[in-house]
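Work through the exercises below with the sequence and the 3D structure at hand. Each task is followed by a solution in steps.

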Amino acid sequence: MIKTVELTKSFEVKKSEPLQVLKGVSEHIKKGEAVSVIGPSGGGKSTFLRCLNLLEKPCGGHIIFEGVDITEKDVDINIHRQKMGMVFQHFNVFPHLTVLDNITLAPVLLKKRSKAEAADQARELLARVGLADKAAEYPKRLSGGQKQRLAIVRALAMEPDVMLFDEPTSALDPEMVGEVLDVIKDLVKEGMTSVIVTHEMGFAREVSSRVLFMDGGVIAESGKPDEVLNHPQNQRTKEFLSKVLV
Amino acid sequence: MGEYVSNVIKIMSEYWDVFLITGVGYTLLLSAITVALGAVLGMVFCLGRMSRIAPLRWLVIAIVEVVRGTPMLLQLYVGYFLVPQLLPFPVSDFFSISVALIVNSAAYLSEVFRSGIQAVDPGQTEAARSLGLSAGQTMVKIIIPQATKNILPALGNEFITIIKETSLASTFFVGELMTSYLKVKGATYLTMECLFIVGALYFLLTFVLSKLLNAFERRLKEND
Ligand SMILES: Nc1ncnc2c1ncn2[C@@H]1O[C@H](COP(=O)(O)OP(=O)(O)O)[C@@H](O)[C@H]1O
Ligand SMILES: [Mg+2]
């Protein structure tokens, strides 16, 4: 589904010394996989994820999404982004639109759905995540957990082939983490291909088919949750896990 | 003192239409035209300033810096002499002065728009783009509606500033409030009384408008 080849990314923090954040990441995320990405802060997890839909422009390497190299110059990335849903740490719901309009905006604009059709689909999605009664509200009236569930169904309304989650529960109060993780769990169970950057080790172990440990701009270790989380081979993985208490 | 008061009353009873209809009327008209068209041109400047095309950015930066760095009166002179020369058909002084005021206002407003747009959380753009919206769709559907809340109060303030600045247009006798002053003073030789009248009118205009604006801003905040 998504394959990266020798992906590199540097940020020009100061002119003379670029900060290399991704140092050649080659990874293949297959259809139906749920891949958790763990690792210390600053290790390049977000940058890696954001490169996948070109929110960050890679400096080198290739990203092959459903057979198309989207790093090629003449690719219309907007078309491919429709197939890649993304969920952000800080929700980024649209405050000037109602809950329903948050969801219908993109399908109406990009998939040429009728308003009514998109609204029906949106209500169905809202019901699935327990927000059926919030359709007419504005996001400021929602709790953090509700906002994140809204952000998830907003992405789902485009019927993506893969979902990218960047620490979807890190900005939430502890009592709201569960409700968001449950939604993601259900999605994964239904077979949605997912890449999830997370600090929730229990969640990673339970839902993912594979865990990547990222540190220093490379994928230092990759394998089944049990392998990486319980029997890490890499020294840095061991250190990291001993700190976060699995 | 009593003489002043009776003179003011006398002048007002004789020349009220010059002050209230011609003067206030043209001042408001000129200000409204300036802010309305200045906002449109300012939006164009703003888009140019944020464009990916570097020469376009430089052009707008140059215009904004020149407008900021030179006196308004000088800009009006330039408009007064330059606009008729540039256009193939004859134009009124009012038109030429309006053009100068509009360009001046547009330069200031373009920066207001830009900061209003930049104040919108970048996460909003990221979310919109991640759904597949183009940069243009994101601007129209997501950024501008949110930036408007930051921009509208500043637009009102610009209107109030322009009301006062249009007084400079009297140098060219275009007929606004300060021109009324010059006319009536010329006819009556009562300088202080005439100054008092136009001063009071300017104050009333800006005071009432800024109070209205405050009320409007408060309502914007409540709806937030
Ligand atoms: N837009 C940016 N400009 C400059 N440096 C950045 C930017 N985004 C991330 N970085 C830097 O890149 C490194 C990796 O960041 P990130 O990918 O966010 O790591 P993680 O998500 O694993 O915490 C960090 O050192 C961070 O400061
Ligand atoms: Mg991160």
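**Exercise 1: a charged network in chain A**

Glu159(A) is partly exposed, with a relative accessible area of 39%; buried means under 20% relative accessible area, exposed over 50%, and partly exposed in between (1.4 Å probe, protein chains only). The model is predicted, so local features need pLDDT of at least 70 and side-chain atom pairs count only at pLDDT 80 or more, while totals for chains, interfaces and linings use all residues. Residues are numbered from 1 along each chain as its sequence is written, chains are lettered from A and ligands numbered from 1 in the order in which they are written, and side-chain values use heavy atoms, with hydrogens and water left out.

Task. Which side chain meets Glu159(A) in a salt bridge?

Solution. 
- Step 1. Apply the rule: a salt bridge is a side-chain nitrogen of Lys or Arg within 4 Å of a carboxyl oxygen of Asp or Glu.
- Step 2. The partner is Arg113(A), at 3.1 Å from N to O.
- Step 3. Locate both residues. Arg113(A) lies in the loop between α3 (99-110) and α4 (115-128) of chain A, and Glu159(A) in the loop between α5 and β7 of chain A, so the pair ties together parts that are 46 residues apart in sequence. Helices (H or I, at least four residues) and strands (E, at least two) are DSSP runs, numbered from the N terminus.
- Step 4. Follow the shared partners: Lys111(A), Arg113(A), Glu117(A) and Glu159(A) are joined into one network of salt bridges.

**Exercise 2: the contact of the two chains**

Task. How many residues does each chain give to the contact, and which side chains form the salt bridge across it?

Solution. 
- Step 1. Chain B gives 19 residues and chain A gives 22 residues, where contact means heavy atoms within 4.5 Å.
- Step 2. About 1,700 Å² is buried between chain B and chain A, and carbon and sulfur atoms give 61% of this area. Buried area is the accessible area (1.4 Å probe) that two parts lose on being put together, summed over both.
- Step 3. Of the area that chain B buries against chain A, Glu126(B), Ser130(B) and Leu131(B) supply 34%, more than any other three residues.
- Step 4. One salt bridge is counted between the chains: the side chains of Arg50(A) and Glu126(B) meet at 2.8 Å, N to O.
- Step 5. Arg50(A) also meets Glu56(A) in a salt bridge, at 3.0 Å from N to O. Arg50(A) and Glu56(A) are both buried.

**Exercise 3: aromatic pairs in chain B**

Task. Which pair is stacked, and which is edge-to-face: Phe203(B) with Phe207(B), or Tyr80(B) with Phe81(B)?

Solution. 
- Step 1. A pair of aromatic rings is described by the distance of the centres and the angle of the planes. Rings of Phe, Tyr and Trp (its six-membered ring) pair if their centres lie within 6.5 Å; planes under 30 degrees apart count as stacked, over 60 as edge-to-face and the rest as tilted.
- Step 2. The structure holds seven aromatic pairs over all chains. In one of them, the centres of Tyr80(B) and Phe81(B) are 5.0 Å apart and the planes are at 80°, and this pair is edge-to-face.
- Step 3. The ring centres of Phe203(B) and Phe207(B) are 5.3 Å apart and the planes are at 20°, so this pair is stacked.
- Step 4. Phe203(B) and Phe207(B) both lie in helix α8 (residues 191-223) of chain B, four residues apart, about one turn of the helix.
- Step 5. Phe203(B) is exposed at 51% relative accessibility, whereas Phe207(B) is partly exposed at 39%.
- Step 6. Ring pairs also link Tyr80(B) and Phe81(B) with Tyr77(B) and Phe172(B) into a cluster.
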